[in-house]
Amino acid sequence: MRPNRYIIKIFLVAISIPFLLGATKNKPPHFDYEMLPSGCATCHRSANFRDGGGPGVCIICHGNPQRLNMDYKKRMPAGFGKKIRQMKDIERQFTKLYRHPSFDVRGKHRSKEVLPEIDPAAPRHADCVDCHHPHFVSKENKYAGIRGKRLGNIVTYITEEYELCYRCHAESANLPPQSTNKRIEFAATNPSYHPVEAEGRNLAVVSLIRPYREKKVDNNDISRITCGDCHGSDESNAPKGPHGSAYQHILVANFSTRDKEPESDQAYALCYRCHNRQSILGNESFKYHALHISGSAGPTSCKTCHNSHGSQQNKYLIQFDPSIVTPNSAGQLKFEERGISVFKGSCYLSCHGVDHNPKEY
Ligand code: HEC
Ligand code: HEC
Ligand code: HEC
Ligand code: HEC
Ligand code: HEC
Ligand code: HEC
Ligand code: HEC
């Protein structure tokens, strides 16, 4: 026999009394009486949460402020609607062309599911509750209460943003075929990586724009970046988070991955946020950068030579794009560096019909 929904409702109200009376100090915002006047029942009205309830539960308050007038306002005390109307509209980010499928794939989340997924046939999804636990979120920690990597029998809770992403973009057995394991790409044991998990290895990234710096020396220096520095909304004043963007791969700025696309400020806007365009095109490190990026050997994308995340094989994030770069006449496809911070190396490959066997710089 299924329990009557009113009994569940009474149970939820009863269990929420301590929260409403302030038994817990520093209440998370979702348990704050000022914010959620009906306590647990504000969300648990319909009482079937085995599939997490979907985005509808959240966008009552985090969505289009107009919605409130239609649905919730009637039930809420006078001051409440005003507060909610001032909140950021997260829902709008999900109307962008590139987005997490929180609205597109519904009803696939399970409240008891364990991520990373071990079933290759499990449907890929990303509900609001996969990234935010509604009982624990706070201004300081928006992924509080989300489980991370399991170490033996111990469940760890996420403290770093990248651990959240690895729940679905690392060891998942259901990764899409074109996707790669991000934990492997960012591993601090790699010869090179963008400094998300740890400070980077290269001490001569001459193109870096301050406050970005290879190693933190002064207080204002930034030597570590986050997934969110590159993945997020295209609007600078939008709510934080990789919800949706007008740019491909949910990037905060445009990044062209196409071969033969003319170089411009816009084409590689993402990289030029942190790497000085004049330095790159002025060949301050690789002396043939301009020749390839904007000149006669190209024009070609940074992606033709660099992996944006990290490289398991080479320094300088070098990982050639196999759809453009192929083995040379001797069947070799590799990069060799010759000395550290001296900007010298050799390439063995074939590209745009030019044999490199090797070509040196
Ligand atoms: C009844 C209204 C309401 C509902 C429903 C609701 N929230 Fe909230 N949420 C709030 C309020 C109020 C805050 C406090 C932050 C603020 O004042 O902007 C908050 C804060 C948050 C934060 C932290 C952000 C910050 O800046 O403090 C996250 C993340 C969040 N909510 C996600 C969710 C998710 C996911 C759901 C659905 C499962 C959800 N919320 C449902 C009202 C609501
Ligand atoms: C901001 C909205 C919100 C509020 C407020 C809220 N919950 Fe929840 N709760 C959810 C969502 C969404 C889930 C499903 C989470 C998931 O599937 O990962 C959930 C899950 C649960 C579950 C687990 C259900 C299951 O099937 O595993 C229980 C029990 C629960 N809530 C009780 C409470 C109690 C008690 C309160 C008040 C103290 C409360 N909730 C307040 C949104 C909320
Ligand atoms: C609960 C699972 C889940 C979590 C956690 C998650 N994602 Fe995703 N992500 C997805 C799904 C599902 C897609 C749709 C494409 C796919 O299946 O990979 C996606 C797509 C993306 C894409 C676009 C991929 C493309 O091919 O253009 C990016 C970028 C991305 N996620 C970044 C992140 C970042 C950054 C984080 C951490 C802040 C994160 N994701 C956390 C499930 C998740
Ligand atoms: C320095 C900028 C930068 C950072 C930091 C970054 N990304 Fe990316 N990411 C990119 C770019 C550029 C692309 C698209 C082009 C490409 O594939 O190289 C991309 C593509 C992706 C994709 C789609 C391709 C795929 O393999 O599925 C996912 C998912 C993704 N990133 C996840 C992450 C996660 C998770 C993190 C943090 C652990 C992260 N990214 C950090 C720049 C970045
Ligand atoms: C793939 C993971 C993912 C999904 C899915 C997701 N979020 Fe987020 N969200 C994040 C991350 C990461 C942040 C940024 C945390 C930070 O950097 O402070 C964030 C930030 C937020 C914030 C705070 C924004 C700010 O600027 O203060 C709110 C509110 C929020 N999310 C609500 C939602 C709601 C509602 C949904 C579903 C409609 C949702 N999120 C879906 C990962 C996600
Ligand atoms: C034809 C291959 C190729 C292309 C295309 C290319 N690079 Fe490079 N890049 C290299 C090589 C090789 C190095 C290593 C130089 C050395 O030995 O230190 C390098 C080094 C770098 C460095 C580290 C040193 C520095 O200058 O700070 C950055 C940053 C960089 N590239 C950014 C870019 C960006 C941004 C683009 C696209 C606009 C791009 N590269 C396109 C081959 C390439
Ligand atoms: C949010 C800032 C940021 C963005 C955006 C960014 N980078 Fe970087 N990048 C850094 C930092 C910081 C380092 C220094 C890491 C180190 O010291 O090894 C770095 C280092 C590098 C290196 C040298 C790595 C090594 O180990 O030699 C290359 C190559 C590079 N970036 C290419 C790119 C390309 C291509 C893009 C655009 C897809 C890009 N970066 C976007 C911050 C950024």
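This is a predicted model: local features need pLDDT of at least 70, side-chain atom pairs count only at pLDDT 80 or more; totals for chains, interfaces and linings use all residues.
Reader: Let us start with ligand 4. How many residues are around it, and which come nearest?

Author: There are 22 residues around ligand 4, and those that come nearest are K182, C227, C230, H231 and H309.

Reader: How does the shell divide into nonpolar, polar and charged residues?

Author: Ten residues of the shell are nonpolar, ten are polar and two are charged.

Reader: What lies 2.8 Å from an oxygen atom of ligand 4?

Author: A polar atom in the side chain of S179 is found at that distance. T180 also faces an oxygen atom of the ligand, but through a polar backbone atom, at 3.4 Å.

Reader: What about a nitrogen atom of ligand 4?

Author: One nitrogen atom of ligand 4 is 2.8 Å from an N or O atom in the side chain of H231.

Reader: Turning to the metal, which protein donors does the iron atom of ligand 4 have?

Author: Its protein donors are NE2 of H231 and NE2 of H309, at 2.0 to 2.1 Å from the iron atom. The site has six donor atoms with angles of 87 to 180° among them, and is octahedral.

Reader: Where do H231 and H309 lie in the chain?

Author: H231 is in the loop between α8 and β5 (244-245), while H309 is in the loop between α11 (289-293) and β6 (310-311), so the two histidines tie together parts that are 78 residues apart in sequence.

Reader: Are those two buried or exposed?

Author: H231 is partly exposed, because its relative accessible area is 27%. H309 counts as buried, because its relative accessibility is 18%, and the cut-off for buried is under 20%.

Reader: Now ligand 6. Which protein donors does its iron atom have?

Author: They are NE2 of H289 and NE2 of H306, lying 2.0 Å from the iron atom of ligand 6. This site is octahedral too, with angles of 88 to 179° among its six donor atoms.

Reader: Where in the chain are H289 and H306?

Author: H289 belongs to helix α11, and H306 sits in the loop between α11 and β6; the pair links distant parts of the chain, 17 residues apart.

Reader: Is each of them buried or partly exposed?

Author: With a relative accessibility of 11%, H289 counts as buried. H306 is partly exposed, with a relative accessible area of 26%.

Notes: Residues are numbered from 1 along each chain as its sequence is written. Chains are lettered from A and ligands numbered from 1 in the order in which they are written. Side-chain values use heavy atoms; hydrogens and water are left out. A residue is near a molecule or strand if one of its heavy atoms lies within 4 Å of it. A polar contact is a pair of N or O atoms within 3.5 Å; within protein, one must be able to donate a hydrogen and the other to accept it, and residues adjacent in sequence count only if both atoms are side-chain atoms. Ala, Val, Leu, Ile, Met, Phe, Trp, Tyr, Cys and Pro count as nonpolar, Asp, Glu, Lys and Arg as charged, and the others, Gly among them, as polar. Donors are N, O and S atoms within 2.8 Å of the metal (3.2 Å for Na, K and Ca); water is not among the atoms, so sites may look incomplete. Four donors count as tetrahedral if all angles lie between 85 and 135 degrees; four count as square planar and six as octahedral if opposite donors are over 155 degrees apart and all others between 65 and 115; anything else is irregular. Helices (H or I, at least four residues) and strands (E, at least two) are DSSP runs, numbered from the N terminus. Buried means under 20% relative accessible area, exposed over 50%, partly exposed in between (1.4 Å probe, protein chains only).
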